[in-house]
Amino acid sequence: MERQVNFGHLAVHRTTTVTKEITRQYYCSTPEYSYFTGCSRGGGQAMMEAQRYPNDFDGIVSGAPAFDWPGLGAEFIQNIQAVFPDPSKLDQPVVTLSNLELLQNEVLLQCDAIDGVKDHILNNPRDCDFDFSQLPKCEGITAKDSCFTTSQLKAIKAIYAGIKSQQEEIYPGFPYGGEYEPGGWQSWIVGPFDETMQLGFPSLQFGFGTEIFKYLVFQEPAWNYRTYDFTDLQIDTQYAASYLNATSTNYIEFKQSEGKMIIWHGWNDPAISALSTKDHYNAAKIKDPSLENYIRLFLLPGVLHCGGGQGPVEVDWLDVIRAWVEKGEAPEKIIVTKTKDEKVTMTRPVFPYPEQAVYDGTDDPNNEKNFKPKRTDK
């Protein structure tokens with residue numbers, strides 16, 4: 001149990017406490033400021049620190065946070081049930097790479113220009129009202145490179161839809177965009193992916209999903225993903241959630257400690273849905289309408305899990321959080337950069353949610369100066 005609790009939330013706090021004491025002993029002074037930055041698992045640890053140990057850090061940066069482990073694991077299991085229905089054929093996923101290429105091309109055809117710029121980036125995927133009927137259908141059940149079978153469409157729709165248990169949403173689906181990008185759906189969702197196949201997992205979601213349920217939820221190595229029906233999901237995962245989850249929307253103690261936190265997430269993250277982070281932030285905002293005074297969310301268009309994708313993602317988050325903590329300069333706009341061969345190819349502004357950057361149509365769309373903020377409720 002101690003190992004579980006350490007993994008869940010206590011190890012970072014223990015490390016922080018000991019490190020501060022070592023620092024005090026060596027320098028005869030406590031640190032003036034303390035910061036934590038992390039992405040994915042590290043992003044979840046960051047949120048956990050703000051919720052459980054609000055006095056550990058003055059500033060926190062949480063990127064693409066894995067903060068709801070049972071919900072995330074359940075989404076993974078639903079996806080792999082759809083993509084890998086036969087556990088004996090893990091090298092033959094229902095959804096193919098050809099499907100992903102066709103799918104992304106159609107998503108871009110229907111939705112890329114909605115934001116005023118054709119750049120392979122959906123500024124806000126929630127604006128995309130995708131019409132599945134435009135995808136080419138295969139005749140019969142034989143899969144081909146140029147069309148989608150009924151089972152392939154069903155699997156793809158499940159990935160976008162998210163998961164419900166007893167009519168209650170457990171975890172949201174994945175937004176449109178980035179399906180065929182390197183580091184996108186192939187490695188995370190549909191496989192087969194060489195790096196994970198060497199470990200016996202056809203995709204990253206398959207590996208994480210089955211391991212979470214085998215060893216953190218049920219403590220049963222023989223657990224079979226194929227037969228799980230989610231009926232008792234909340235009961236089954238109650239124990240695991242108690243030490244793994246950073247889902248509390250009450251940040252009042254972090255606020256009282258005068259801490260500041262930035263949460264950021266790539267819109268096209270194929271590992272952890274950006275919608276889950278957005279929903280969490282909205283729920284916390286309902287709990288405390290003044291939330292933006294000490295916690296702000298930034299959603300990065302075209303960005304995959306912790307980086308990658310068509311969108312720009314390069315920014316020094318430590319500088320941003322330090323300016324907020326030490327100088328009182330709340331981030332009203334962050335400039336993200338994309339470089340190739342050490343040359344800047346794109347700069348875009350990102351505004352705190354619920355604002356988004358909108359192209360003003362006047363000049364170079366690769367220059368951040370040609371974008372302005374617009375509020376969105378999506």
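Visitor: What volume does the largest cavity have?

Guide: Happy to take you there, and please keep in mind that this is a predicted model. The largest cavity has a volume of about 140 Å³. In total, the count comes to 6 cavities of 30 Å³ or more. Rolling a probe the size of a water molecule over the atoms shows where empty space is left.

If you sort the lining by class, you find 8 nonpolar, 4 polar and 2 charged residues.

Two or more residues of the lining come from each of β8, which spans 343-350, and β9, which spans 355-359. Strand β9 gives the most, with 3 residues.

While you have the model open, there is also a helix pair to visit. Helix α3 (residues 69-83) packs with helix α5 (residues 150-161) at an angle of about 170°, and their axes are 9 Å apart. That angle is over 145 degrees, so α3 counts as roughly antiparallel to α5. On the α3 side, the contact is formed by Glu75, Gln78, Asn79, Ala82 and Val83, which meet Ala155, Ala158 and Ile159 in α5. By class, this contact has 5 nonpolar, 2 polar and 1 charged residues.

Methods
Residues are numbered from 1 along each chain as its sequence is written. This is a predicted model: local features need pLDDT of at least 70, side-chain atom pairs count only at pLDDT 80 or more; totals for chains, interfaces and linings use all residues. Side-chain values use heavy atoms; hydrogens and water are left out. On a 1 Å grid over the protein atoms alone, a cavity is a set of points where a 1.4 Å probe fits but cannot get out, and a pocket is an open set with protein on both sides within 12 Å along at least five of seven lines; lining residues have an atom within 4 Å of a point. Grid points are joined across faces, edges and corners, and a volume is the space filled by probe spheres set on the points. Helices (H or I, at least four residues) and strands (E, at least two) are DSSP runs, numbered from the N terminus. Ala, Val, Leu, Ile, Met, Phe, Trp, Tyr, Cys and Pro count as nonpolar, Asp, Glu, Lys and Arg as charged, and the others, Gly among them, as polar. Axes are lines fitted to C-alpha atoms, for helices over the stretch in contact, and angles run from 0 to 180 degrees between N-to-C directions. Angles under 35 degrees count as roughly parallel, over 145 as roughly antiparallel, 65 to 115 as roughly perpendicular and the rest as oblique. Contact means heavy atoms within 4.5 Å.
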